[in-house]
Amino acid sequence: MRERFASTASRLLDDDPRLAVVLAEIGKDGFADAGRTHPDRVINVGIREQLLVGVGGGLALTGMRPIVHTFASFLVERAFEQVKLDFGHQGVGGVLVSAAGSYDWPAGGFTHMAPGDVALMDTLDGWTVHVPGHPDEAEALLRDAAAAGDDSVYVRLSAHANAAPRDVAPGRFLTVREGRDGVVVAVGPMLDGVLAAVEGLDVTVLYATTVRPFDGARATGRHRRGRRRYGRRPYGRRTRRAVPRGHVDGGRERRPRRRSAPGARARHRPA
Amino acid sequence: MTSTFTDLPRLMSLMTGDEKHGPAATSTLDALWVLYDRVLRVSPESVDDPGRDRFLLSKGHGPMAYYAVLAAKGFFADSLLPGFGSYDSPLGHHPDRVLVPGAEISSGSLGHGLPLGVGTALGLRAQGLDGGGGPAVWVLIGDAELDEGSNHEAIAYAGAAGLERLHTLVVDNASATYGRPGGIAARFEAAGWSTATVDGRDHDALYDAFTAPHPGRPRAVVARVEGKEG
């Protein structure tokens, strides 16, 4: 997906003079050509993540639309106060594009894991969060994010992908299969694994590539006859307890979402 | 009515109820006045003009002097000042750009203004607004605020990138606990900035330092004022 990000964003730079890509070394090779064509709109600030996000906010203050990229652990966790203040508190928007969230690269160790990225974004107002499960979906969602006016959008790229792309629409869950005994919401790269796991079970599978805002109507409305609802997502949700129930995920559930975490290892399961 | 520098203590007293202000409250006052009165090309009429000069108050603490200067220059009415810090007032203890007419950034957490200023300068450059007559970007930081590492990310990058339209005004009231051995200006010079260190109460010296040419380099002006305790 990172390769597709570079090629897609490079083409978007050709088409939209309002866009600028901001990097902190990571990913710069993919933008070498674009940087020659658009030297003022491909900006590499060096290994400086506070500056990376601050520069994104400053670009937005001049009316541009920044696309800010690095690993999730440095983009969202290390520079979180910049995300909070240099975008939200300034009243400006932009596109944050991460790579290697959660356990994408286990061999990289805990320094390069960011299981809390989506949970952290949940503490801020107004962010759209896309979690594509295939490079084609990443391209579609990136294009949508770049064209989304002054919205604040977090695009969470993964090293893992489903075998085939789905015809996803930004902001909507896709019904992959229908069943009577419950609903499983599979997020991004989790879809193939979910489909394998529910083989032989009479459950609905919804595919979510936009998780904020959460398509609660689809998850809890049409399928409410299902008694159980499960979410399978590639990121942790530990800070979810700080968010009022119903605020994040649609608000129609009658029991805490945290009660069901099938498959999660004990240390990642809510207490 | 045109306000002058001598009106500022009265405007500040509308916020504080005190005619006499300590040095800390007024450390930025002279430098702010010289910028808004003689240097910055921005007015209440041009706050949305893409070609305006930008002033970013990074040191959002103690914004009374800033509010007084903005009121004196007509960005908002004097009548807002007595409500400073109250429930309905747009004038908080830290400025919020969404609420305060004329404020370019929301600040209060130290170390955000200079990275935002770098991004602003880059954005203006990308839009072809960085020519000789193009808008200047000014960021005011405090000497103790330089403790924040984010400033040093911005200083190093801006020097290397040669962001000529970027200016940093460091108001130095010697409030950093560990000081700055070797001097504040040396930090900027080492990163390739043009620098000057002047008396922060001397308006002509400030003006000369603010307007000196610095081709191909960002500019830092250190304005020294009496110590916080003094």
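Which β-α-β unit do S5(A), helix H7 and S6(A) make, right-handed or left-handed?

Analyst: This is a predicted model, in which local features need pLDDT of at least 70 and side-chain atom pairs count only at pLDDT 80 or more, while totals for chains, interfaces and linings use all residues. Residues are numbered from 1 along each chain as its sequence is written, and chains are lettered from A and ligands numbered from 1 in the order in which they are written.

The unit made by S5(A), helix H7 (residues 135-146) of chain A and S6(A) is right-handed. A crossover is given this hand if, with the strands pointing away from the viewer, the path from the first strand over the helix to the second runs clockwise. Helices (H or I, at least four residues) and strands (E, at least two) are DSSP runs, numbered from the N terminus.

Strand S5 covers residues 127-130 of chain A. It runs parallel to strand S6 (residues 152-156) of chain A, to which 4 bridges join S5(A); two strands count as paired if DSSP finds at least two bridges between them. Within this pairing, Ser152(A) in S6(A) is the bridge partner of Trp127(A). S5(A) is also joined to strand S10 (residues 210-212) of chain A, by 2 bridges and in the antiparallel sense. There, Arg212(A) in S10(A) stands opposite Val129(A).

In a regular strand, side chains alternate between the two faces of the sheet. In S5(A), both faces are covered: Trp127(A) and Val129(A) lie on one side, Thr128(A) and His130(A) on the other, and all are buried. A residue is termed buried if 20 or more other C-beta atoms lie within 10 Å of its own, exposed if 12 or fewer, and partly exposed in between, with C-beta atoms placed from the backbone.

The surrounding chain may be described next. Chain A comes to 9 helices and 11 strands, and buried residues make up 52% of its 271 residues.

Chain A also holds an open sheet of 4 strands in the order S7-S9-S8-S11, with mixed pairing. Strand S7 (174-177) and strand S11 (228-232) of chain A stand at its edges, each with a single partner strand, so one side of each is left without a neighbour in the sheet. Inside this sheet, S8 (residues 182-187) and S9 (residues 204-208) of chain A pair in the parallel sense over 5 bridges, and Val187(A) stands opposite Ala208(A) in S9(A).

For the model as a whole, the scores are ipTM 0.97 and pTM 0.91.
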